[in-house]
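User: I am new to this structure and would like to learn how to read its features one at a time. Could we begin with the aromatic rings?

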Amino acid sequence: GLYDSSSVGGDYNSFRIDATAVQGEYYPAWYLTDESKESASRIAEKATSSDNMFISSHDPALIESAAVLMIGDGILSGAESNTHLQFLCNEIRRFGLEAKQVMTVENDIDVIAFMIRRMSAIHKYVYIIGGVGTGHGDHAIAAVAKACGVATQKEQQLLSLVLATVPPCDLTEFHLRMADIPFGADVLGSIPDKANCNTWDDVLHDWPVVVKNNCILLSKASLLARFHSLEPLHKASSSFLSRVTVLGDQGTLAPKIALIDTLFTAISAHMFPSDLEEDETVVWIQGKNFDQQQAVVDQFLDLMEEDDIVDVYEEHLEEPENTRKAVKDKEMGQDVVV
């Protein structure tokens, strides 16, 4: 593990952190005095296998991970609720990624930058939510710049928008800071049209997404309106998801899910209690290779008793195409609609 040994990764992709070696002996990662070296040796040798169902952790067929970093003293104090997380994780999954880490931190530049360095080293994307605004504690942009080792710069179109929207008598340094982006960052999507922004609130609710390296910054106010602008960034990350509803509790199903996780490292399998029936469990089986993902679904169904399978919903298909379980039931003479 990260804190009690000198390796990083799981059972199938663990490898040494060279910076922790002293005279040939490896020490725990928390011995490092320079935390930036903690990710210096994260290069694993590619494993090989005669069976294409066994995919190494660096195989392109493996579902790539994402992290969510929520920023806000309000959430930590209990004054605000984290209302965007479920939406965000669902959209991340729709992009073919898997949210592996979610963390909430205070509005502190050093803390935010520290976590960005840690998270960006091991995830394909880090979604940073909050800390973008005119509050004195909104430091997300500066923290990303610090984590990446660059300065901030004014984005001229954003600056023009701020100057055109905020009356000169009300303009403060905190408004002007909204136009800052990390040096070399990209602004995704169109800049809000000044003609459509009558008030400063209109501007905040349409504030664009800023991307620096693999860090994606989204304002809480514009998250729902602007998330679609990430589509081009993720267009190559599509994946396939099947939701299998079965009878039984999670304890009974755990050995089957564990078997899938062990044998098929390119497939992600999770289970959740059903929202509809107390005695039902929903199993998600997701993968980037359609044939492989469907083969694992078939194997999971073979592990189940036929009478315990409630339905199979292919989330990657349109509604009229979702006939996998319906056709099977029709062939068995059952009148079941999925």
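Analyst: Rings of Phe, Tyr and Trp (its six-membered ring) pair if their centres lie within 6.5 Å, and planes under 30 degrees apart count as stacked, over 60 as edge-to-face and the rest as tilted. This is a predicted model, in which local features need pLDDT of at least 70 and side-chain atom pairs count only at pLDDT 80 or more, while totals for chains, interfaces and linings use all residues. Residues are numbered from 1 along each chain as its sequence is written, and side-chain values use heavy atoms, with hydrogens and water left out.

User: Which residues do ring pairs link into a cluster?

Analyst: The cluster consists of Phe87, Phe95, Tyr125, Tyr127 and Phe227, and a search of the whole structure gives six aromatic pairs. The rings of Phe95 and Phe227 have centres 5.6 Å apart and planes at 10°, so this pair is stacked. Helices (H or I, at least four residues) and strands (E, at least two) are DSSP runs, numbered from the N terminus. Because Phe95 lies in the loop between α2 (85-94) and β6, and Phe227 in the loop between α8 (223-226) and β13 (240-247), the pair ties together parts that are 132 residues apart in sequence. For Tyr125 and Tyr127, the ring centres are 6.4 Å apart and the planes at 55°, so that pair is tilted.

User: Are Tyr125 and Tyr127 buried or exposed?

Analyst: Buried means under 20% relative accessible area, exposed over 50%, and partly exposed in between (1.4 Å probe, protein chains only). Both Tyr125 and Tyr127 are buried, Phe95 is buried with a relative accessible area of 3%, and Phe227 counts as buried at 2%.

User: How many bridges join β5 to β7?

Analyst: Two strands pair if DSSP finds at least two bridges between them. Five bridges join β5 to β7, which run parallel, and here Ala66 stands opposite Tyr125. With β6 (residues 97-105), β5 pairs in the parallel sense over eight bridges, and Ser65 stands opposite Glu98. Seven of the eight residues of β5 are buried.

User: What does the side chain of Glu98 make a polar contact with?

Analyst: A polar contact is a pair of N or O atoms within 3.5 Å; within protein, one must be able to donate a hydrogen and the other to accept it, and residues adjacent in sequence count only if both atoms are side-chain atoms. The partner of Glu98 is the side chain of His270, at 2.3 Å, and Glu98 itself counts as buried at 10% relative accessibility.
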